[in-house]
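Please take a moment to look over the sequence and the fold together before reading on.

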Amino acid sequence: MRGFTPFSAHAEPEDIMQLLREYYEALGAIITRYEVTLTSFSADGLMILVNAPVPCEEPALHAVKMAVDMQDSTQELISGWRQRGYEIGFGMGLAMGWATVGRIGYEARADYTAIGNVVNLASRLCSSAEDRQILVDYSVTRHLPGNMPIVDLGTRQFKGLEGHVRVYNVETQGIERPNLDPAANDATAKG
């Protein structure tokens, strides 16, 4: 979320918890529908793995469509939050590549997560995304269909990463979302 830190510095704890509850309920429904792996909540952010541990077809396209659904859902929430006087925005970052995935932690507490340069890149893309942006790297874009509305934003230097990274923005208008409702898919298959 954009503007969450200033919001939380002045809001009542109950208001912060209510906003986070609405936010995570909306995103959680989408995460479940797309059958991806939520590895962590971090206050106003989260980390999701697509294609691990359960593989999916066309993971880049699957991730972008999920991100667009998340952006749309969150923008609906933001509209209501702004009516309450909360100046909140929402940006996302997606990167594709090899990572080491598995359980990490200690005997009493372990989580499933990913580590590697691609995780750092996705985090940096997310941090630099403005409200309404879904920033992706070149690896994501080269696995998308040619008609996907992508805008080249040029290169950027990110802290902790070598060289410049070409960054793209997914234009969220006009992207066809898959129907992931099992009942609808079963009806189509039977019909």
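Helices (H or I, at least four residues) and strands (E, at least two) are DSSP runs, numbered from the N terminus. The model is a predicted one, in which local features need pLDDT of at least 70 and side-chain atom pairs count only at pLDDT 80 or more, whereas totals for chains, interfaces and linings use all residues. Residues are numbered from 1 along each chain as its sequence is written, and side-chain values use heavy atoms, with hydrogens and water left out.

Glu58 is partly exposed, with a relative accessible area of 49%, where buried means under 20% relative accessible area, exposed over 50%, and partly exposed in between (1.4 Å probe, protein chains only).

Consider next the helix α2 (13-34). Its 22 residues should span 32 Å at 1.5 Å a residue, and its end C-alpha atoms are 31 Å apart, which agrees; the expected span of a helix is 1.5 Å times one less than its number of residues. Buried residues of α2 include Ile16, Leu19, Leu20, Tyr23, Leu27 and Tyr34, and the buried residues of this helix pack against α1, β1 (37-42), β2 and α3. Just after α2 comes Glu35, in the loop between α2 and β1. Glu35 is not a glycine, and yet its phi is positive, about 55°; at 67% relative accessibility, this residue counts as exposed.

The helix α3 has 25 residues and reaches 36 Å from its first C-alpha to its last, close to the 36 Å expected at 1.5 Å a residue. It is followed by Gly85, whose phi is positive, near 90°. Within α3 sits Gln71, which is buried, with a relative accessible area of 2%. Gln71 and Gln133 are 62 residues apart in sequence, but their C-alpha atoms are 8.2 Å apart in space. Leaving aside neighbours within four places in sequence, Gln71 is in contact (heavy atoms within 4.5 Å) with residues including Phe90, Met92, Gln133 and Thr172.

What happens to nonpolar side chains in such a fold? In soluble globular proteins, nonpolar side chains tend to be buried together. A nonpolar core is a set of buried Ala, Val, Leu, Ile, Met, Phe, Trp, Tyr and Cys residues joined through side-chain atoms within 4.5 Å. The largest such core here has 38 residues, and those with the most contacts inside it are Met1, Leu19 and Trp81. At least two residues of this core come from each of α1 (4-10), α2, α3 (59-83), β3 (92-94), β6 (134-137) and β8 (164-170), and the largest share, 11 residues, comes from α3. Not counting residues up to four places away in sequence, Met1 touches Leu19, Leu20, Tyr23, Asp44, Trp81, Ile88, Gly89 and Phe90. Apart from this core lies another, of 8 residues, among them Leu125, Ala129, Leu135 and Val167.

Thr113 lies in strand β5 (residues 109-115) and is buried, with a relative accessible area of 17%. Leaving aside neighbours within four places in sequence, its contacts include Thr39, Met47, Leu49 and Val101. Arg166, in strand β8, counts as partly exposed at 36% relative accessibility. Arg166 and Tyr138 are 28 residues apart in sequence and 6.3 Å apart in space, C-alpha to C-alpha. Beyond four places in sequence, Arg166 is in contact with residues including Val136, Asp137, Tyr138 and Asp152.
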